[in-house]
Amino acid sequence: MHGWMIPPPKEPTKSKRDLERERTAKVSWLVESGYLKSGRIKQALLKVSREDFIPRLYRDYAYLEVPLPLPGEHATISCPHSYPLFYEPLGLDEGHRFLEVGLGSGYGTAVAREVVGPRGLVVSIEIDPVTLEFAKRNLAKAGYRDMVLMQGDGGLGYPEASPYDCMAVTAACVEIPPPLIEQLCIGGRLIAPVFEGDTQNLTLLEKGIKGIQRHIICEVLYVSLRGTYGA
Ligand SMILES: C[S@@+](CC[C@H](N)C(=O)[O-])C[C@H]1O[C@@H](n2cnc3c(N)ncnc32)[C@H](O)[C@@H]1O
């Protein structure tokens, strides 16, 4: 992937305890850096073992601020700070109905499941069948069974479970897919990396009674969305 220095694959040497310590330190850093404010997102990041969603030869790098490669075509697990970067502006919270486009490793899905809790709903769509199987295995091993995971073009959303309170598109698009906006509830929020020429802007969209509002949060670098609304 251009723009990131991915460390070389290697046999893991860190113990579960080492990685737990790194997780706690990472969460403290996310709070100090201003990425993380919500208590529920903080608890979720402390609870979910990111290393269990990473291929074995990259496991020791679980808490480095780099995306790491996943099985499948162009799939990556995003950097640790990406999750509060996406979920804080969404206001992801208890009881929300959440749609993720780009399941990847399943890590972001597990974090969202912890945040929305049993009264909420998590739906995630992955276009790559190999990546989907990797994520499904990770989530099952970690004990997550109560989410809707499917293969398909996430740009089309999943109208059967709509409307959603929050959506995260974890791949960069040229325009925010209109079916996703349709499936958001009034008051709902969607976040996505959107191409502006060669750069990508993390864009927050809010759907109100009177129309749609957009705010650019920062520049980011994500793999491109595939499918109908692909870049
Ligand atoms: C940056 S990765 C996702 C990271 C993931 N959220 C995680 O926590 O590991 C982006 C993912 O989007 C998937 N993707 C790309 N286009 C897609 C589409 N149209 N529908 C669903 N998934 C798509 C890619 O295959 C890739 O797995």
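**Stop 1: the ligand**

Select glycine 102 and the ligand: a polar backbone atom of glycine 102 is 3.2 Å from a nitrogen atom of the ligand. That is a polar contact, meaning a pair of N or O atoms within 3.5 Å. Before you go further, know that this is a predicted model, where local features need pLDDT of at least 70, side-chain atom pairs count only at pLDDT 80 or more, and totals for chains, interfaces and linings use all residues. Residues are numbered from 1 along each chain as its sequence is written, and side-chain values use heavy atoms, with hydrogens and water left out.

Next, pick isoleucine 127, where a polar backbone atom is 3.2 Å from a ligand nitrogen. Then try arginine 226: one of its backbone N or O atoms lies 2.7 Å from a nitrogen atom of the ligand. How much of the ligand does the protein bury? On its own the ligand exposes 610 Å², and the protein buries 99% of that (Shrake-Rupley areas with a 1.4 Å probe).

**Stop 2: the shell**

**Stop 3: helix α4**

Move to residues 107–116. Helix α4 is largely enclosed by the rest of the structure, because 9 of its 10 residues are buried (buried is under 20% relative accessible area, exposed over 50%, with a 1.4 Å probe and protein chains only). Among the buried ones are Tyr107, Ala110 and Val116. Just after α4, click glycine 117, which takes a positive phi of about 70°.

**Stop 4**

Most residues other than glycine have a negative phi, and most peptide bonds are trans. Histidine 74, in the loop between β1 (68–69) and β2, has a positive phi of about 60°. Is histidine 74 buried or exposed? Histidine 74 is exposed, at 57% relative accessible area.

Finish at proline 163, in the loop between β5 (148–151) and β6 (164–169). The peptide bond from serine 162 to proline 163 is cis, with omega near 5°.

Terms used:
Polar contact = N/O pair within 3.5 Å; in protein donor to acceptor, adjacent residues only side chain to side chain. Helix = DSSP H or I, 4+ residues; strand = E, 2+ residues; numbered from the N terminus.
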